[in-house]
Amino acid sequence: MHSRRSLVLTLVLAACSDSGGESTGGVVTASTTEPGTTGPGTTGPGTTEPGTTGPGTTDASTAGEPTTTDATSTTGSVEDLDMRPEDFTCILEWDKVRKFRITNLLGHLDEALAVAENPAGGVYPVGTVIQLIPNEAMVKRAPGFAPDNADWEFFALETAAAGTTIMARGTTDVVNAFGGNCFDCHAKAAPQWDRLCEEGHGCDPLPFTPEQIEMVQQSDPRCP
């Protein structure tokens, strides 16, 4: 586990050095949290401190924000997905399309995969969750949630064997550990790609090889 953690940290530090400390393509640092801890407010499985949302999980970014009792919500006939820490699971359990992992927690996975695999692009359905590495995610919210960001919500995450901690969430102001702004990166994607950054989409290139990205995904501490 220590060697896998060292590999992830080495890759991320190399990316930081190459990009001058800014995010390229919206990638954030992979967590170096020891197994059994999930960051502030948690002490391991089955131990819940104030501010936690469940065993082994913490949301460090929701102070003063409305809370829900379920990740999914419906206002009238409008679907939405309000992610909780426990909704972020082992990244290897999700479908892989090229370099990224994708799922849809509202039952629209086939539609989401169709958009992901369409060479002309398209608009992802509500409930789509996309991750390139375990420590960052983008989630498609209900229409009108964030018109200036194509209704995507960005997440900076900390992961450990005990679960996930949401360190930051939002639309235009989520910043990774090295000062890179997710919105600034994804806003460069051409409109037909629905803010998804990949090679040829208009975003800054990633300082990672496909093999390095795969190794980071394989190092997800939440996976068995």
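**View 1. The buried residues of helix 2.** In this predicted model, helix 2 has Ala112, Leu113, Val115 and Ala116 as buried residues. Because these residues cover an arc of only 160° around the axis, they lie on the same side of helix 2. Among the elements that cover the buried residues of helix 2 are strand 5 (95-97), strand 6 and strand 7 (128-131).

**View 2. The largest nonpolar core.** Phe100, Ile102, Tyr124 and Ile130 have the most contacts inside the largest nonpolar core, which comprises 22 residues. Two or more residues of this core come from each of strand 6 (100-104), helix 2 (109-116), strand 9 (152-160), helix 3 (182-186) and helix 4, and helix 2 makes the greatest contribution, with 4 residues.

**View 3. The surroundings of Tyr124.** When residues up to four places away in sequence are not counted, Tyr124 touches Phe100, Ile102, Ala112, Val115, Ala116, Ile130, Lys140, Trp152, Trp193, Asp194 and Leu196.

View 4. A separate core, the second, consists of 12 residues, including Met83, Phe88, Val129 and Ile166.

**View 5. The buried face of helix 4.** Within helix 4, which spans residues 210-218, the buried residues are Ile213, Val216 and Gln217. Seen down the axis of helix 4, these buried residues fall within an arc of 100°, and they therefore line one face of the helix.

Note on methods: Residues numbered from 1 in each chain as written. Predicted model: local features only at pLDDT ≥ 70, side-chain atom pairs only at ≥ 80, totals over all residues. Heavy atoms only, no water. Buried < 20%, exposed > 50% of the residue type's maximum accessible area, 1.4 Å probe, protein only. Arc of directions from axis to C-beta. Core = buried A, V, L, I, M, F, W, Y, C linked by side-chain atoms within 4.5 Å. Contact = heavy atoms within 4.5 Å.
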